[in-house]
Amino acid sequence: MQEEHGFSISRRGVLLTGTAATAGAALRPSRLVARDGAPAKGGPAMESVTLTVNGQRHELELDTRTTLLDTLREHLKLTGTKKGCDHGQCGACTIMVNGARINSCLSLAVMHDGDELTTIEGLGTPDDLHPMQEAFVKHDGYQCGYCTPGQICSAVATLEEIRKGIPSHVTEDLTGTMRPTNMEMRERMSGNICRCGAYSNIADAMSEVAGA
Ligand code: FES
Ligand code: FES
């Protein structure tokens, strides 16, 4: 690269300088704060996050790498939501965020500042079960139960998706009234794996709640 203003710089030098500047901007000193408020000196970047979980507001100071799943289980001690694969492949960690289901292991808590979360603990209690929980009990929709919180959260959100007319891969009529058929429910629940193979009973439980 040609010399200007009395100094020379190579193309490689420009690239390195640019990269360093970008990295520096991403890791602003104000973000590198330890739990006690002191500069972290290379420690984790912390961020304030406010979440409303099952109607209760929580203000948290979290490592920006913390997933929503770990926030629930490790920080809020809501262990109903399960960790299966931690890679978005099993659905055990399914919760609802602002009414829509997501895999909480795939989402960072800092992405949900101000959001409303519903976990299995927020759907019902042992003395006052949600209709979907009652139906799972009635139809034996589980064996070991590890996948069950995710299955139930997913099932509740699935019926809501059908009610709203959101199509799935197997929806044949995109303009007519959507019906909670066995095929619709199985397709929509395909992201929730049950190692015990309780699928048929889960579909029966969902059908009862859907009134199908
Ligand atoms: S633990 Fe989240 S999908 Fe398996
Ligand atoms: S009930 Fe055991 S994994 Fe589903």
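**Note on the predicted model**

1. Start with the overall order. Along the sequence, the protein chain runs α-β-β-α-β-β-β-α-α-α-α-α. That pattern holds seven helices and five strands. Keep in mind that this is a predicted model.

2. Next, confidence. The mean pLDDT of the protein chain is 87. A score of at least 70 is reached by 81% of the residues. Two stretches need care. Residues 1-9 stay under 50 in pLDDT, and the model gives them six contacts beyond four places in sequence. Residues 13-30 are also below 50, with three contacts beyond near neighbours in sequence.

3. Now the chain as a whole. It has 212 residues, and 38% of them count as buried. Take the contacts between residues at least 6 apart in sequence: 49% of these join residues at least 24 apart. The accessible surface is about 12500 Å². Carbon and sulfur atoms supply 52% of that surface.

4. Look at helix α7, residues 199-210. Its 12 residues reach 16 Å from the first C-alpha to the last. That is close to the 16 Å expected at 1.5 Å a residue. After α7 comes Gly211, with a positive phi near 75°.

5. Which residues of α7 are buried? They are Ile202, Ala203, Ala205, Met206 and Ser207. The cover over them includes α4 (131-138), α5 (148-163) and α6 (182-188). An α-helix has 3.6 residues a turn, so residues three or four places apart point the same way.

Terms used. Residues are numbered from 1 along each chain as its sequence is written. Chains are lettered from A and ligands numbered from 1 in the order in which they are written. This is a predicted model: local features need pLDDT of at least 70, side-chain atom pairs count only at pLDDT 80 or more; totals for chains, interfaces and linings use all residues. Side-chain values use heavy atoms; hydrogens and water are left out. Helices (H or I, at least four residues) and strands (E, at least two) are DSSP runs, numbered from the N terminus. The expected span of a helix is 1.5 Å times one less than its number of residues. Buried means under 20% relative accessible area, exposed over 50%, partly exposed in between (1.4 Å probe, protein chains only). Contact means heavy atoms within 4.5 Å. pLDDT is the predictor's confidence in each residue, from 0 to 100. Accessible areas come from the Shrake-Rupley method with a 1.4 Å probe; for residues, only the protein chains shown count as cover.
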